[in-house]
Amino acid sequence: MGYIVAVEGIDGAGKNTLSRALESRLDDAGVSVAKLGFPAYGRTPFADFADDALHGRLGDVAESAWAMALLFALDRRDMRDEVIAAAESADVLILDRYVASNAAYSWGRTGDRAIVEWVYEQEFGKHGMPVPDLQVHLGTGVAEAARRAKHREAADVSRTRDAYERDGGLQSRVAAAYADLAAESWASPWHVAGDCAEELAARVLDDIGR
């Protein structure tokens, strides 16, 4: 199985931009790359249920952090075979959000560390999701991330920010949760990054011996 790197951060942190830049640099180095992103909107019913909930279209489901954590976990479970196939087909699999996203957002919502351990046991344990070789915390400031999210919404009439994206307090707590998870190397090693793809690519290339 190839090397799996999961890019994590709050909404508007620049995960997709960093993922694309990392892919480009690895490609330039002759490394084959596959990419997947979560939630898998339009691909699993659980991702679409979560989207509906976060946009107020599914009653009071979004009020329960545990219910949302379950939806996101089931979304990945439905994509497990595809994640494994992608990791086996390439030298490096880049994931734009993964299991740590569920842990950080759920912890940020509840303040209860027990939900972090539940996410770990559910996703890596019962669902058998592959553990990433490296997790990246893209530590963009909350104010800057919010500015980017608003700009993205304004530039795309088909996109409206969901309940998580509009909640600045939640984004601050999630940023703190990510920092704590990274500091303790939750689940696997972490790389704390700005938006420097060169530095991240150098670490990945070193890890895979290229």
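Biologist: Looking at Trp186, which residues is it in contact with once neighbours within four places in sequence are left aside?

Modeller: Bear in mind that this is a predicted model: local features need pLDDT of at least 70, side-chain atom pairs count only at pLDDT 80 or more, and totals for chains, interfaces and linings use all residues. Contact means heavy atoms within 4.5 Å. On that basis, the partners of Trp186 are Val99, Ala100, Ala103, Arg113, Val116, Tyr120, Phe124, Gln135 and Leu181.

Biologist: And which residues touch the most other members of the largest nonpolar core?

Modeller: A nonpolar core is a set of buried Ala, Val, Leu, Ile, Met, Phe, Trp, Tyr and Cys residues joined through side-chain atoms within 4.5 Å. Buried means under 20% relative accessible area, exposed means over 50%, and partly exposed is in between (1.4 Å probe, protein chains only). The largest such core has 64 residues, and those touching the most other members are Leu26, Met68, Leu93, Tyr98 and Trp186.

Biologist: What share of the chain counts as buried?

Modeller: The chain has 210 residues. Its exposed surface comes to about 9,300 Å², with carbon and sulfur atoms supplying 49% of that area; such areas come from the Shrake-Rupley method with a 1.4 Å probe, and for residues only the protein chains shown count as cover. As for residues that count as buried, the share is 49%.

Biologist: How many helices and strands does the chain have?

Modeller: Helices (H or I, at least four residues) and strands (E, at least two) are DSSP runs, numbered from the N terminus. Among contacts between residues at least 6 apart in sequence, 79% join residues at least 24 apart. The secondary structure itself comes to 10 helices and five strands.

Biologist: Is Ser101 buried or exposed, and at what relative accessibility?

Modeller: Ser101 belongs to helix H5, residues 99-110. Beyond residues up to four places away in sequence, Ser101 touches Glu8 and Tyr178. Ser101 counts as buried because its relative accessibility is 9%.

Biologist: What is phi for Arg97?

Modeller: Most residues other than glycine have a negative phi, and most peptide bonds are trans. Ala187, in the loop between helix H9 (168-183) and strand S5 (190-193), has a positive phi near 75 degrees. Arg97 is not a glycine either, yet its phi is positive, at about 75 degrees.

Biologist: Which peptide bond is cis, with omega near -5 degrees?

Modeller: One of its two residues, Pro39, is in the loop between S2 and helix H2 (45-54). The cis bond is the one from Phe38 to Pro39.

Biologist: Which residue forms a salt bridge with Glu23?

Modeller: A salt bridge is a side-chain nitrogen of Lys or Arg within 4 Å of a carboxyl oxygen of Asp or Glu, and the whole structure holds 12 of them. In this one, the closest N and O atoms are 3.9 Å apart. Glu23 lies in helix H1 (residues 15-28) and its partner in strand S2 (residues 33-37), so the pair ties together parts that are 12 residues apart in sequence. Glu23 is partly exposed at 27%, and its partner is Lys35.

Biologist: How far apart are the closest N and O atoms of Glu117 and Arg113?

Modeller: The two are four residues apart in helix H6 (residues 113-126), which means that about one helical turn separates them. Glu117 is partly exposed at 31% relative accessible area, as is Arg113 at 26%. In their salt bridge, the closest N and O atoms are separated by 2.7 Å.

Biologist: Which residues are linked in a network of salt bridges?

Modeller: Arg80 and Asp81 also meet through a salt bridge, at 3.6 Å from N to O. The network, though, links Asp51, Asp52 and Arg57.

Terms used:
Residues numbered from 1 in each chain as written. Heavy atoms only, no water.
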